[in-house]
Amino acid sequence: MDLSHYGAPNFVIEELVPPKLLENHGSHRCLQLLDHRIITLAQFNKDYLSAHFGEEIKVIINNYKWGGERKLSGLRPFDCQIGSSLSQHKFGRALDCQYKRGVNGEKIPADVVRDVINQDPESWLNAGLTTIENGEFAPTWVHQDIRATGLDHIFIVEP
Ligand SMILES: [Zn+2]
């Protein structure tokens, strides 16, 4: 199921929801567990970064649909042992993203994307992003979430 109706035409539900939850509850119920802003933030990542780098950028969240190993990079079930017990992922408000260039498939390091975000925080805040994780704890991915912070800048969280 693609998410164009939810403002993310380049994404499918599997990229945001783990396979077991989807199997057990179906896409309709699972979508109700996601904050709609996290869906549009996924699309914003693709659109903003593609414009920034001047070529299509692939945003990798869950990739199990295509045989990859990532399945807990969006929503996580409450009994998930990965990450913290009150992780934003469990509330449908977080993404762990990796990035590749569309043309040659070259990976874009997480630190490079964090720099891009930090150079234009206003655009990302407007897209709903409030928080990214310190790169020391997220070396190969960019954790983004939309928690309420009350701040006018992007909050850098340490787990
Ligand atoms: Zn995360």
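This is a predicted model: local features need pLDDT of at least 70, side-chain atom pairs count only at pLDDT 80 or more; totals for chains, interfaces and linings use all residues.
Leaving aside its neighbours within four places in sequence, which residues is Leu16 in contact with?

Figure 1. Beyond its neighbours within four places in sequence, Leu16 is in contact with Leu34, Ile39, Ile61, Asn62, Gly74 and Leu75. Leu16 is also one of the residues that touch the most other members of the largest nonpolar core.

**Figure 2. The largest nonpolar core, with 32 residues.** The residues that touch the most other members are Ile13, Leu16, Ile38, Ile39, Leu41, Ala42 and Leu95. At least two residues of this core come from each of strand E2 (8-12), helix H1 (19-32), H2, strand E3 (57-60), E4 and H3. The most is given by H2, with 6 residues.

**Figure 3. Helix H3 (residues 110-119) and its buried residues.** Ala110, Val113 and Arg114 are buried. Seen down the axis of H3, the buried residues fall within an arc of 105°, so they line one face of the helix. Asp115 and Gln119, on the other side of H3, are exposed. The packing partners of the buried residues are helix H2 (36-53) and the strands E4 (94-101), E5 (107-108), E6 (131-133) and E7 (142-145).

**Figure 4. The chain around these views, with 4 helices and 8 strands.** The order of elements from the N terminus is β-β-α-α-β-β-β-α-α-β-β-β. The C-alpha trace spans about 40 × 35 × 30 Å along its principal axes. A compact globule of 159 residues would have a radius of gyration near 15 Å, and the chain agrees with this at 15 Å. Of the 159 residues, 34% count as buried. Among contacts between residues at least 6 apart in sequence, 60% join residues at least 24 apart.

Methods
Residues are numbered from 1 along each chain as its sequence is written. A residue is buried if 20 or more other C-beta atoms lie within 10 Å of its own, exposed if 12 or fewer, and partly exposed in between; C-beta atoms are placed from the backbone. The arc is that of the directions from the helix axis to the C-beta atoms. Two residues are in contact if their C-beta atoms, placed from the backbone, lie within 7 Å. A nonpolar core is a set of buried Ala, Val, Leu, Ile, Met, Phe, Trp, Tyr and Cys residues joined through C-beta atoms within 7 Å. The radius of gyration is taken over C-alpha atoms; the globule rule is 2.2 Å times the number of residues to the power 0.38.
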